[in-house]
Amino acid sequence: MTSRPIATTRSVMGVPTGRLAVWWVLASETVLFGGLLGSYVMMRLRHGAWADQAANTNTWTGAFNTLVLLTSSLSAVLAHQAAERADGPKAARLLRYTILGGGVFLSVKAWEWTHEITEGFTITSSLFWSFYYTAAGLHAAHVVAGMVIMFIVSLTAARNEELHRVENVGIYWHFVDVVWIFLFPLLYIAK
Amino acid sequence: MAQPAHADAPHHDPTSYVAIWGVLCALLGVSVLGPMVGVRFLTLITAFGIAIVKAYMVCRYFMHLSIEKKWVVYILGFMLALMVVFFGGVAPDVSRHEGLRWQKTYVEPARTDGER
Amino acid sequence: MSGLASHPAVHHDRGFVTYLWSTDHKVIAMQYLFTGMLMALIGGFAVYVFRMQLAFPGQSVPLFGRVSSGQYNSLVTMHGTIMIFWVAMPVLLAAFGNFLIPLMLGCDDMVFPRVNRLSYQVFLLSAVVLVASFAVPGGAFGGAWTAYPPLSANAAYNLTRYGATLWVVAVALEFVAFLLGGINFITTAMNSRAPGMRMFDVPIVVWMIVIASILFMASVGPLIAGAVMLVFDQVLGTGFYDPATGGDPILWQHLFWFFGHPEVYVVLLPAMGIVAEVIAVFSRKKLFGFRTIVYTAVATGVISFFVWAHHQFVAGIDPRMASLFTITTLIISVPIAEMVFCYIATLYGGSITLATPMLWALAFVAEFLLGGVTGIFLGAAGADIYLHDTYFVLAHFHYTFFPIAIIGAFTGITFWFPKMFGRMMDERLGKIHFWVTIIAFNVIFIPLFITGAAGDHRRIFDYSGFPDLATPGLQRLRITATMGLVSLLAVQPVFFYNFIRSMVRGPIASANPWRANTLEWSAPSPPPHGNFAELPVVYRGPYEYSTEDREEDFWPQHLPDDSPTPVASVGDRRSA
C-alpha cells in the first residue's frame, strides 16, 4: 500500500499533519539536547578548572560555524517562501544551498576537531572535552540527518510535488540552528 | 502538490528574512566581541543573553511560531519548562562539593588563569 | 476510497516478505504483540531460574543448571529490563495503540504508515540486540535494569563487558522505536479523528495511550543523552560518571529516574485505559467522570515529573530535597486514587457480566490498589530509609507492574481478541487461567512483602551470608513465593493454548460480540485493509450505555441520532 491513507489528509487541529509531526519531533529533541546541555552546565559550574581546557576552543571557528548555520537557516526559510509561491525548482535549489551550508559546517568541524585531537585534546583527555565532543557530535549527527532528509525533499520539490515538506524540513533545520546558537556560547565563549 | 502552507497568514517578503539574518549576524558579532572587553559579567550577558535573543528570533521569524497555533508554542514551552525542572532538581545535587557522609576525593587541577 | 480489500489484514496470503514490510497498522500491532509475548517468555524464564536459586540455593535448577552469582545478576537485570521495555511497552502501548487508535478514531490507518513500519523494525532490531547479549562472552548485562555507574560503566566491576554495551544500545534503539511510534499515535489522534468526533468523544483508552506517548517523549530525552554518555564511558573510557575524572555517578541516577518515574505512568495509563473500556462495556454503564479521568490523567502526567528522586532517597541527596520529593510523591497518589474511585463508581449500579475480560479488569483494580497503598510507605523518605532496596520495594512494584503489564494485557487481549482475529476465545479456559494466575500472583508477592520488611535485600544471590536473614522462617517464605511463581508459569500454557486454538478454530465472532459503542466494533472482525467500508461519522460520546428511552442498552457512536441500535445486524457474520 503506497498510497497515502485518508488519515494523513485530515487535520482536525488545524495544523497540517506533517507540520504537526515535526513540532512533536522538535519537542522530543528539546528534551534530548536540554538534558545533555543541562548536564554539561551543571558539571561546568562544578568544575571551575575547566576554564583552562575551554580556553583551547577556537572562538573564531565557532563563530564562523554559527554564521554558516545562520545563513543556511536563511536559505531554508527562503526555500519555504518559494514553496509557498509554488516555485518548486527554486525551493529545491535553495534547499541545496542549505545542504551546502550544512556541508561547510561539518567540514569546518572536521578540520577543527582534527586540529584539536592532534593537539592532544581528545574525548578522554578531560571531562570538558568529553562533553565538548559528545554535545557537538550529537548536534553534528542531527545536521547530517537534516541534510539527508532535505536532499530527499529537494528531489520531490524540484518536480513541484509535496511542497509542504519544504517548510517542515525547514522547521527541523531551524531547530538544529537554535541548538547550535546555544552550543556556541556554552563551548566557545563561556570560558 | 503545491499547496501554500499559510494561505491566510501574512506573507513575509524576502527583504525581511534577509533583514532578520542581518540582525542575527550583528548579534553574533557582538557576542564574539563581548569577551574581549574582559568583564566576566558582561561576557555572560552578551553570550547567553544574545543567544536567547537569537533563538527567539529564529523561532519567531524563521519557524513562524508567531503565526502558528498557540498550543504548539505551549507544547514547546512545556518541554523547556521540564528542562528547567530537570536542572533545578538535579543541579543542587550534582554541583555539590561536599556532603554529610562523603568526601570529595577528586582533586581539581589548578587553574592557570588566576581565578578560583 | 478506503479500499475494502477482498481479504482481511491478519490472514495475509500475499507472501512472507510482503507481510514483513506491511504498513497496515493492524499487522504492525500484531507484530508488536507477538514479539512482546515472546519476550515475556524469556523474561519469565529468567525469573523462574533466579527464584529457584533463591528458594533452593546452590542446587541445580531444572532446565538451566546451577546458577552462578554472575548469572544471577544477569538474570535479574534482564528480567527487569525485558519485562518493562520489551513486554509492557510493546504490548500495552505499541500493540494496542497501533491496533486501536485508527479503528477507534474511524480512520483507515495511522497518519504515517511507513514511519510506523520503521518503528517496528527498529524495535525488532532492539530485541535482537538484547537477546544476542545472552550469547556474548561474559553473558548478558548484570548491572541491574537501573544500570547505575560505576558498576555499569566499568567492565571490571560488572564482568559483562559486551553485554553491558549491547544492553545500552538495545535500550537506546527501543527508545527510538517508541519515539517514532509515539509521534504517529499523537499526530493521528490529534488530527485524524472521524468527522463529528470531538475531543471528549474519543475513547478513554486512546486518550491514555496518547498522554502516555507524550509523557514518554517528554521524559526520555535526558536519558538518551545519559545513555550516550554511559556508552562512551563503557567503550571509549570517558569519565562522565567517574569521580576520578570529575564525573558524577549521581548524575546518571538523576537522568535515569527523571525518565524512570514518568515511565511507570507511561505503562500505567494505557492499562488503566483498557480497564476503563472493559468496565464500561461489562457494566453497561456510562464511564463515571470521563472528563475528570482525562484531566486527572494529564495532572498525573505532569506531577510525575516532580517525583523522581524518591528512588534516590538513600543515595545521599540533600534531605531537604528528599522532603520535597516525599510531598510530591504522596500527592501523586491522589489523582490515581481518584481514577480508581471513578471506576468503582462506574461499576456501582451497573448490570455486571463477569466475562473473562471483566474478571481481569476487576482484578486490575483490586491488585493495583494494593500496590498503590504500599507505595505510600516507600514515598515517605523516613520509612524508605529502612525499606529501600528490600523486597518490600519489589513487592510494591510488582503489585503495580504485574497488574499493568500482565493483567492489563490479558484484559485487553481477551476483550479485543474477537476484533483482532474474528473468533471468540474460550470462556472456561479463560476463567481457569484467570483464577490460577491471580491466586498464584498473590502467593508470590505477599510473602515478599514480609521478607522485605524483615530485611531481605534485593539482588542478593544467596542469603547464607546474612545470618539475620538466613533463617528457616524467611526461607520458607522465599520457597512459598517461588512455588507461587512456578504455579503462575505452569498455568500460562492454558492461555497460549486458548489463544492459538481460538485463533484457528474458535467460534466465529460477529463484528460486535460485546455489544459495545466504540467505532472499532462497527468494523468487521477482523477489519480488512482500510478498516471500514465507509469511514464512519460520529454522533455521540463512546459511553452511551443504558440510555433512557432506547430499546437496546448500548448506542454505538456512529449511528445517526434517529436510528435505533440494530440488534442483529451488529453481528454481520463473517463468512470464513
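Which side chains meet in a salt bridge between chain A and chain B? In this predicted model, the pair is A:Arg19 and B:Glu68, with 2.8 Å from N to O.

Now for the rest of the meeting between chains A and B. On the chain A side, 57 residues are in contact with 56 residues of chain B. Put together, the two chains bury about 4,800 Å² between them, and 74% of that lies on carbon and sulfur atoms. Several helices of chain A give two or more residues to the side that touches chain B: helix 2 (17–46), helix 3 (50–54), helix 4 (59–84) and helix 7 (164–189). Helix 2 of chain A gives the most, with 17 residues. Sorted by class, this side of chain A has 33 nonpolar, 15 polar and nine charged residues.

Chain A also meets chain C. Here 46 residues of chain C are in contact with 36 residues of chain A. The two chains bury about 3,200 Å² between them, with 71% of it on carbon and sulfur atoms. On the chain C side, three residues lose the most area to chain A, namely C:Met190, C:Asn191 and C:Phe240, and together they account for 19% of what that side buries.

What about charged pairs and polar contacts here? Between chain C and chain A the count is again one salt bridge. C:Asp248 forms it with A:Arg46, and the closest N and O atoms are 3.0 Å apart. Polar contacts between chain C and chain A number twelve residue pairs, with both residues at pLDDT 80 or more. The elements of chain C that give two or more residues to the side touching chain A are helix 4 (113–132), helix 6 (161–191), helix 7 (204–235) and helix 8 (249–283). Helix 7 of chain C supplies the largest share of that side, ten residues. By class, the side of chain C that touches chain A has 27 nonpolar, 14 polar and five charged residues.

Terms used:
Residues numbered from 1 in each chain as written. Chains lettered and ligands numbered in written order. Predicted model: local features only at pLDDT ≥ 70, side-chain atom pairs only at ≥ 80, totals over all residues. Heavy atoms only, no water. Contact = heavy atoms within 4.5 Å. Buried area = accessible area lost by both parts, 1.4 Å probe. Salt bridge = Lys/Arg side-chain N within 4 Å of Asp/Glu carboxyl O. Polar contact = N/O pair within 3.5 Å; in protein donor to acceptor, adjacent residues only side chain to side chain. Helix = DSSP H or I, 4+ residues; strand = E, 2+ residues; numbered from the N terminus. Nonpolar A, V, L, I, M, F, W, Y, C, P; charged D, E, K, R; others polar.
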